[in-house]
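The exercises below each set a task and then work through its solution one step at a time.

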Amino acid sequence: QQQQQQQQQHLAAMADLEREVGTWVEAVSGERRGGQDLGDWLKDGQVLCRLANKIKPGICPRINSGTMPFKQMENVTAFIHAARELGVLEKDVFSTVDLYEQKNLRSVWLCLYNLGSVIRTSAPSFRGPYLGVAQTSAVSDAARQRQSVTQDMGFRKDIDVEVRAGARKQRIAGEDPGAAVRPADAQNGRGASRTPSRTPSPMPQGQSARAATGANAAPAAPAKRQSHLVPPGGGVANARPASPSRGSPSAQGSSPLEPEVRRWLEQVSGQRSSQDLGDWLHDGRVLCEVANTIKPGSCPRINTSDMPFKQMENITAFIHACRSLGVLEKDVFSTVDLYEQKNMRSVLTCIYNLAGVIRTTAPTFSGPYLGVAQHAAVSDAARTKQAVTQDMGYRKDIDAEVKAGVQKGRVAGHDPAPARPASRPPASPRA
């Protein structure tokens with residue numbers, strides 16, 4: 001019963017918060033939702049963007065009026081950026097799907113409530129109405145300084161001196177590094193009398209013992225053993241080769257096709273760039289222009305926005321153009337292979353095959369080309385639709401035999417073999 005009371009109180013508080021936020025949005029935006037649910041009214045993001053522009057003009061420069069889902073989500077995302085810019089703390093900001101898919105409308109109402117409060121100080125040109133009390137808290141955030149990636153990044157740097165000292169003394173695996181003198185012993189003058197090793201190796205012949213001082217002479221230090229692990233150069237003979245870093249050409253899979261493919265793209269598109277090939281093609285615009293040069297209209301719309309999904313739309317459009325121009329499915333790359341540069345080798349292979357197959361599939365294109373003409377093609381057609389049955393996938397060539405067995409009354413454990421003829425009686429023994 002107590003839980004039910006708490007749940008009822010929570011629902012009542014949520015209803016009050018929704019009603020207060022809805023009234024404030026209507027007052028600031030000058031629009032009325034009528035009998036529409038607040039979540040459905042704000043879903044497309046247009047009201048929210050106009051609300052943000054009322055508070056600070058131009059903070060949402062473009063408001064999409066289309067009904068496509070990604071256009072409406074762009075509006076919601078633009079409002080979220082505006083809320084951050086106006087001073088709403090990150091912990092109070094909702095995500096796009098919280099509103100568009102109505103997964104967490106409570107976070108949406110709380111964000112709007114905090115926005116109506118924080119603009120008392122962050123938007124001095126706005127004269128109200130407001131919500132709640134003024135908020136003066138703020139969080140300053142700055143990007144970390146960029147630095148190049150190294151193989152030992154993340155490891156301790158305070159042991160570099162010790163490692164270098166050990167390398168100079170040719171310490172190797174299995175050898176006791178006891179020759180080092182403790183600082184306390186060095187200060188007390190006892191460093192010369194320490195024995196470097198627990199089990200000193202025998203002294204080589206021909207080597208004279210150390211001259212003793214006084215009656216109690218210190219034992220002679222053993223000669224350093226030469227190990228087969230240390231070559232004359234001072235390194236380890238069978239050392240494991242260093243793995244390539246993530247940004248090295250060998251790690252990214254550089255291909256000998258890259259110079260040829262870059263030259264062909266520059267000739268067809270008429271553009272030049274000093275960027276890395278993956279960065280140059282990252283937004284997909286150059287690839288779409290190349291496809292339209294080969295066959296006009298292959299990519300009817302080329303997005304110029306810097307939004308990630310817009311750039312990935314360009315890459316996807318180029319992939320569809322490659323398929324329509326005859327590139328085999330085994331040679332087509334995926335969107336993330338280029339956008340995240342996960343497999344640049346497959347991207348280069350696809351473009352190289354495109355430059356070869358258009359000799360026959362794009363007769364209006366007069367070149368340049370790459371490789372030789374390709375005549376291979378794969379015809380693909382969807383299988384005919386059919387109703388699903390319980391015995392789908394089982395053999396059909398034994399249906400007649402099964403039915404015949406049922407008619408003869410075969411059952412489990414009964415021998416269906418025909419009866420054998422009666423055997424003749426054994427012959428009587430001869431007298």
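**Exercises with worked solutions**

The protein has 16 helices and 0 strands, where helices (H or I, at least four residues) and strands (E, at least two) are DSSP runs, numbered from the N terminus. This is a predicted model, in which local features need pLDDT of at least 70 and side-chain atom pairs count only at pLDDT 80 or more, while totals for chains, interfaces and linings use all residues. Residues are numbered from 1 along each chain as its sequence is written, and side-chain values use heavy atoms, with hydrogens and water left out.

**Exercise 1.** Describe the salt bridge between Glu74 and Arg62, and find the network to which these residues belong.

*Solution.* Begin with the distance: the closest N and O atoms of Glu74 and Arg62 are 3.9 Å apart, and a salt bridge requires a side-chain nitrogen of Lys or Arg within 4 Å of a carboxyl oxygen of Asp or Glu. Next, locate the partners, which link distant parts of the chain, since Glu74 lies in helix 4 and Arg62 in the loop between helix 3 and helix 4, 12 residues apart. Finally, salt bridges that share partners join Arg62, Glu74 and Lys310 into one network.

**Exercise 2.** State how exposed Glu85 and Lys56 are.

*Solution.* First, Glu85 is exposed, with a relative accessible area of 52%. Second, Lys56 counts as partly exposed, at 37% relative accessibility.

Note on methods. Buried means under 20% relative accessible area, exposed over 50%, partly exposed in between (1.4 Å probe, protein chains only).
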